[in-house]
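These are my notebook entries on a structure that I looked through piece by piece. I begin with a plain search and then turn to rings, surface and a loop.

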Amino acid sequence: MPSTEEQRVEAALAAAEGWPGVRAGETIRTVTLPGMTLAVRRRAATADGLEPALLVHGLGGSSRNWSSLMELLAGDLECEALDLPGFGASPPPDSGDYSVIGHARAVLRELEASGRGPVHLFGNSLGGSVVTRVAALRPDLVRTLTLVSPALPELPPQRTALPTALLGGPGMGRLLRRMTRALSPEQRARDVLHLCYGDPSRITPEEFSAAKAELERRQSLPYFWDSLTRSARGLVNAYTLGGQQSLWRQAERVMVPTLLVYGVRDRLVSYRMARRASRAFGASRLVVLPEAGHVAMMEFPDLVADAFREFRAATTREG
């Protein structure tokens with residue numbers, strides 16, 4: 001009889017192998033770490049000896065959110081993107097810890113186990129708050145930090161972000177499951193994309209099809225709502241932390257060069273926080289994209305790739 005741990009790993013492998021939205025040139029593998037199994041998406045680099053990068057998605061997202069950017073950066077970086085525990089093809093963590101600190105622990109364990117560090121570390125939304133903690137705690141593992149609409153404390157939040165903040169409330173998982181049961185997969189995918197894109201007309205048929213297939217797959221998983229609502233609760237809790245654990249205080253501790261990318265049409269993280277972020281991260285470069293929403297690396301991957309290349313070149317000259 002296989003052990004519980006072996007069954008968990010086998011289930012994770014099966015999930016990764018059948019995961020929708022894997023592009024040509026990409027692979028997904030699973031990595032078994034203490035207390036968790038993570039799915040890691042890899043984009044084949046177009047040259048040898050490139051510096052490594054690790055990319056971390058936001059709340060409700062997955063490693064697929066980085067596919068377009070990884071494809072554009074394949075000649076610049078050796079890119080990998082992970083699925084945080086309970087998201088994408090990664091099963092829940094054994095501990096049930098979906099706090100920002102818990103997700104940061106997952107990123108740290110993957111970095112330590114892979115031996116790829118120091119890496120160019122990217123984060124979007126929730127992933128931005130997660131990698132901010134990673135960079136503050138372990139600067140030896142990070143070359144540069146790139147944050148796309150990072151979820152840093154914004155009080156009060158803009159009104160369009162309130163439903164997302166309320167996700168973490170008691171009983172919201174059961175309520176949302178009932179509320180969305182009657183919605184078709186097409187409508188659910190459309191609602192999510194329209195919230196995240198600044199200009200929904202930029203959603204390609206290929207992106208919509210991949211988002212629909214992934215959402216269908218994820219919502220069939222027994223832990224889908226639990227991982228989503230508990231991660232939302234963890235993010236809200238992180239917003240209330242004070243002292244040295246404050247996310248803004250953590251940002252001030254980041255010593256590596258940091259690129260900040262904000263979208264003016266972002267409905268979840270206000271671009272008005274950009275100036276505060278540029279002050280908090282000491283060695284930072286700020287890029288504001290007028291037409292972008294919450295996921296600039298999906299809407300305008302070419303602009304984000306160019307911004308990173310310019311940022312990296314400037315960092316190399318200054319270094």
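Predicted model: local features only at pLDDT ≥ 70, side-chain atom pairs only at ≥ 80, totals over all residues.

Residues are numbered from 1 along each chain as its sequence is written, and side-chain values use heavy atoms, with hydrogens and water left out.

**Entry on rings.** I counted 4 aromatic pairs in the structure; rings of Phe, Tyr and Trp (its six-membered ring) pair if their centres lie within 6.5 Å, and planes under 30 degrees apart count as stacked, over 60 as edge-to-face and the rest as tilted. One of them joins Trp-66 and Phe-122 edge-to-face, at 6.1 Å centre to centre with 75 degrees between the planes. Trp-66 sits in the loop between strand 3 (51–56) and helix 2 (67–72) and Phe-122 in strand 5 (residues 119–125), so this pair ties together parts that are 56 residues apart in sequence. Helices (H or I, at least four residues) and strands (E, at least two) are DSSP runs, numbered from the N terminus. Trp-66 is buried at 0% relative accessible area, and Phe-122 is buried at 1%.

I then looked at Phe-308 and Phe-311, whose pair is tilted, with 6.2 Å centre to centre and 55 degrees between the planes. Both are buried, and they are separated by about one helical turn because they stand 3 residues apart in helix 13 (residues 301–318). Ring pairs link Trp-66, Phe-122, Phe-308 and Phe-311 into a cluster.

**Entry on a loop.** Where does Ser-246 lie? I found Ser-246 in the loop between helix 9 (224–240) and helix 10 (247–253), and Ser-246 is buried, with a relative accessible area of 14%. A polar atom of the Ser-246 side chain lies 3.2 Å from the backbone nitrogen of Trp-248.

**Entry on one strand.** Val-288 belongs to strand 8 (residues 284–289) and is partly exposed, with a relative accessible area of 35%.

Notes
Buried < 20%, exposed > 50% of the residue type's maximum accessible area, 1.4 Å probe, protein only. Polar contact = N/O pair within 3.5 Å; in protein donor to acceptor, adjacent residues only side chain to side chain.
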